[in-house]
Amino acid sequence: MAVEFEPIVGRYATLTLSGRKCRIYIEEAGRGIPLLCLHTAGSDGRQYRHLMTDPAVTDNFRVIAFDLPWHGKSNPPVGFHDEEYRLTTATYTEAILAVAEALDLDRPALIGCSMGGRIVLHLAAHHADRFRALIGVECADHQTSWYDTTWLNRPDVHGGEICAAMVSGLVAPQSPEEFRWETLWGYMQSGPGVFKGDLYFYREDSDFRDRTPLIDTARCPIYLLTGEYDYSCTPEDTERTAAGIPGAEAVIMKEQGHFPMSENPARFREYILPVLDRIRSTA
Amino acid sequence: MTGEEVAAVLARLPELVNARAPLVNRGRFFSGEFLVEADAVPIHVKVQEGRIAAVETGPFRMRAWRFAVRAEAQAWGRFWERMPEPGYHDVIAMCRLGVARLEGDLQPLMANLRYVKEVLEAPRGTVGGR
């Protein structure tokens with residue numbers, strides 16, 4: 001019996017980021033408008049596999065997901081063993097723009113979740129000309145700290161177990177068991193200190209309340225989607241953020257948590273397909 | 001739900017947890033004592049290699065425990081509903097919401113967080129018919 005392969009194809013490229021060579025994993029499926037996908041903190045691009053295998057998306061969009069350095073199948077840079085990883089607004093932005101440039105993408109649409117949703121606001125404020133539309137999933141302009149991230153990387157607590165256990169409640173109770181655990185598996189697999197290092201960006205280096213007034217949605221439309229069960233980026237956080245950006249739209253997704261594209265893909269497409277249709281109609 | 005009703009629910013933890021082999025297996029490296037509090041009612045839970053060895057309701061005199069999970073009694077009731085509302089669906093979520101808090105030596109809790117969360121969730125859907 002012939003095996004049916006998924007349409008997703010992956011490649012590696014070595015990019016120079018902050019003056020250092022980084023071997024980056026990039027996968028994609030579909031054709032049409034480029035849609036660059038940003039994974040959450042402490043996970044990787046596999047979170048977008050459902051968008052990449054949905055013909056309703058891939059018939060019109062070239063869906064591209066990459067793993068940030070240190071994540072998924074992307075290596076940490078040479079010398080990582082003597083470093084503490086920390087993502088910053090500057091290094092995150094550099095990586096996103098470098099991948100878009102390496103693939104020669106013409107004003108891609110971009111979707112980012114959680115910290116990927118946060119950076120959407122920075123991109124909208126400072127790099128709007130590089131994108132045709134921005135989608136912030138679980139997106140807010142800042143977040144008050146709600147736990148001590150040092151628990152995520154210390155020798156007397158298993159890193160993979162604690163990262164998954166700390167975020168498990170961010171998956172909505174209605175999400176299918178299969179996808180709940182696949183989402184958490186991404187956290188269980190994360191390298192030591194990587195989730196914590198991402199949260200440096202998310203908690204310490206990305207208070208974007210000063211940036212939202214700079215966003216001009218006439219130059220680049222922005223769509224915000226947040227799950228009702230997300231207690232990290234709460235619906236109130238997203239609604240407050242949207243209220244500060246004239247022309248931004250916020251939709252609160254029922255029965256969704258912090259990882260809608262991977263925790264409940266069937267439900268997510270009800271919300272994302274109309275957004276993608278609107279992006280197509282203005283292409 | 002009152003504190004006493006929460007204590008009655010937690011008294012069933014030995015039957016709810018010890019019959020679930022995968023859950024007991026997850027906790028096999030955890031032996032220790034923790035406190036659950038519902039309003040002012042303290043409930044002491046003793047774990048032995050992942051099995052619930054004892055559940056006792058206070059008040060106590062000089063009872064030792066490593067960590068405590070304290071919440072409003074009404075919050076525990078909402079937490080155990082079959083399909084809890086946002087914010088009441090997870091212990092960490094309840095902390096974020098401000099209706100629960102974690103205290104004491106958190107290392108054994110963090111080292112066994114999935115196990116402890118699943119122990120506390122064990123009565124879900126078995127309380128009050130919701």
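**View 1. L110(A) has its bridge partner, L134(A), in strand 6 of chain A.** Welcome to this predicted model; we start with a single pair of residues and then step back. The two strands in this view are strand 5 (residues 109–113) and strand 6 (residues 133–137) of chain A. They pair in the parallel sense, over five bridges.

**View 2. In chain A, eight strands form an open sheet.** Which strands are the edge strands? They are strand 1 (9–17) and strand 8 (249–253) of chain A, and each of them pairs on one side only. From one strand to the next, the twist averages 20°.

**View 3. Here chain B touches chain A.** Each chain has its part in the contact: 16 residues come from chain A and 16 residues from chain B. On the chain B side, the elements giving two or more residues are helix 5 (91–97), helix 6 (107–111) and helix 7 (113–121). Helix 5 of chain B supplies the largest share of that side, with four residues. What kinds of residues make up the side of chain B that touches chain A? Nine are nonpolar, three are polar and four are charged.

Terms used. Residues numbered from 1 in each chain as written. Chains lettered and ligands numbered in written order. Predicted model: local features only at pLDDT ≥ 70, side-chain atom pairs only at ≥ 80, totals over all residues. Contact = placed C-beta atoms within 7 Å. Nonpolar A, V, L, I, M, F, W, Y, C, P; charged D, E, K, R; others polar. Pairing = 2+ DSSP bridges. Axes fitted to C-alpha atoms, helices over the stretch in contact; angles between N-to-C directions.
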